[in-house]
Amino acid sequence: MKCRVEYDGTKFAGYQIQPNGRTVQEELENALTKMHKGTTIKVTASGRTDAGVHAKGQIIHFDTFLELPEFNWKRALSTLLPADIQIAEVNEAEADFHARYDTSGKEYRYFIWNAVDPNLFRRNYTCHIRRKLDVAAMQQACSYIKGEHDFTSFCSTRTDIKGSKVRTITKAELIQDEEELCFVFEGTGFLYNMVRILVGTLIEIGMGERKPEVIPSMIEAENREAAGKTAPAQGLFLWKVHYA
């Protein structure tokens with residue numbers, strides 16, 4: 001089966017199961033195991049998200065011996081899951097479908113609340129920046145991010161990726177809706193903390209600490225120290241996963 005899962009990452013230690021901390025994967029597998037009367041059911045996701053990161057479009061797949069209509073799957077799982085995880089869609093997957101290896105691209109969105117006063121009701125889903133940001137400068141900087149580049153400078157040094165860090169970004173834009181800013185990044189793949197480091201760098205540009213034209217030299221440096229800080233987790237959403 002294939003599911004689109006939404007979750008509020010505020011109280012999770014991340015998506016992937018780990019020894020200490022509540023995780024999305026563990027909650028999903030516990031619910032599925034209950035549905036299968038104690039038989040352990042493992043789920044595979046399109047990718048991991050860190051502690052505090054949210055998802056509207058996380059895709060998972062799992063094998064099952066139960067024969068239920070798609071609607072009943074959604075209803076049954078929903079009754080077994082906590083309030084901060086929601087099954088948005090359930091579909092029967094092709095036998096060879098793989099949630100991770102079949103992806104053709106992903107879209108992430110990062111939200112900023114740019115006002116002097118914080119927004120109480122958006123605090124877990126936006127990064128609050130009191131200082132007025134230069135939207136035009138950040139939009140200009142976004143234009144340098146698009147394309148195929150080695151994004152080593154925008155990858156956490158804690159990554160476990162050993163191979164190439166070349167990725168293709170097909171969309172990098174900033175949308176403003178009064179006090180709320182939304183960065184949209186779409187591409188064939190993303191490195192560990194890549195979006196949050198891109199956003200942290202763009203915030204520094206918006207504050208006037210760096211010029212938009214510095215992005216190409218940051219990319220060419222292929223050095224994490226060349227880029228800006230890592231933006232906080234709570235503003236980030238895995239928005240959509242694309243499949244061919």
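## Negative surface patch

In this predicted model, a patch of negative charge on the surface brings together Glu-70, Glu-92, Glu-94, Asp-96 and Asp-102. One of these residues, Asp-96, lies in the loop that runs between strand S4 (85–91) and strand S5 (103–114). Asp-96 has a relative accessibility of 65% and therefore counts as exposed, since the cut-off for that class is over 50%.

## Strand S3 and its partners

Strand S3, which spans residues 54–61, is mostly covered, with 7 of its 8 residues buried. Strand S1 (residues 2–7) runs antiparallel to S3 and is joined to it by 5 bridges; within this pairing, Tyr-7 stands opposite Ala-55 of S3. Strand S2 (residues 44–45) is also antiparallel to S3, to which it is joined by 2 bridges, and here Ala-45 is found opposite Ile-60 of S3.

The pairing of S3 with strand S10 (residues 236–243), by contrast, is in the parallel sense and extends over 2 bridges. Ala-55 has Leu-238 as its bridge partner in S10, while Tyr-7 is the residue that stands opposite Ala-55 in the pairing described above.

## Salt bridges

The count of salt bridges in the model comes to 12. Among them is the contact between the side chains of Arg-22 and Glu-27, with an N to O distance of 3.0 Å. Arg-22 is partly exposed, with a relative accessible area of 27%, and Glu-27, at 21% relative accessibility, also counts as partly exposed, because the buried class requires a value under 20%.

A further salt bridge is formed by Arg-131 and Glu-209, whose closest N and O atoms are 3.9 Å apart. This pair links distant parts of the chain, 78 residues apart: Arg-131 sits in the loop between strand S6 (127–129) and helix H3 (135–145), whereas Glu-209 sits in the loop between helix H4 (194–206) and helix H5 (215–221). Both residues are partly exposed, Arg-131 with a relative accessible area of 44% and Glu-209 at 48% relative accessibility.

Arg-210 is partly exposed, with a relative accessible area of 26%, whereas Glu-204, with a relative accessible area of 9%, is buried. Elsewhere, salt bridges with shared partners connect Arg-4, Glu-6, Lys-56 and Glu-89 into one network.

Terms used: Residues numbered from 1 in each chain as written. Predicted model: local features only at pLDDT ≥ 70, side-chain atom pairs only at ≥ 80, totals over all residues. Heavy atoms only, no water. Patch = residues over 30% accessible without salt bridge, like charges linked within 9 Å, V, L, I, M, F, W, Y side chains within 5 Å. Areas by Shrake-Rupley, 256 points an atom, 1.4 Å probe, with all protein chains shown as cover. Salt bridge = Lys/Arg side-chain N within 4 Å of Asp/Glu carboxyl O. Lys, Arg positive; Asp, Glu negative; His and termini not counted. Charge placed at Lys NZ, Arg CZ, Asp CG, Glu CD. Helix = DSSP H or I, 4+ residues; strand = E, 2+ residues; numbered from the N terminus. Buried < 20%, exposed > 50% of the residue type's maximum accessible area, 1.4 Å probe, protein only. Pairing = 2+ DSSP bridges.
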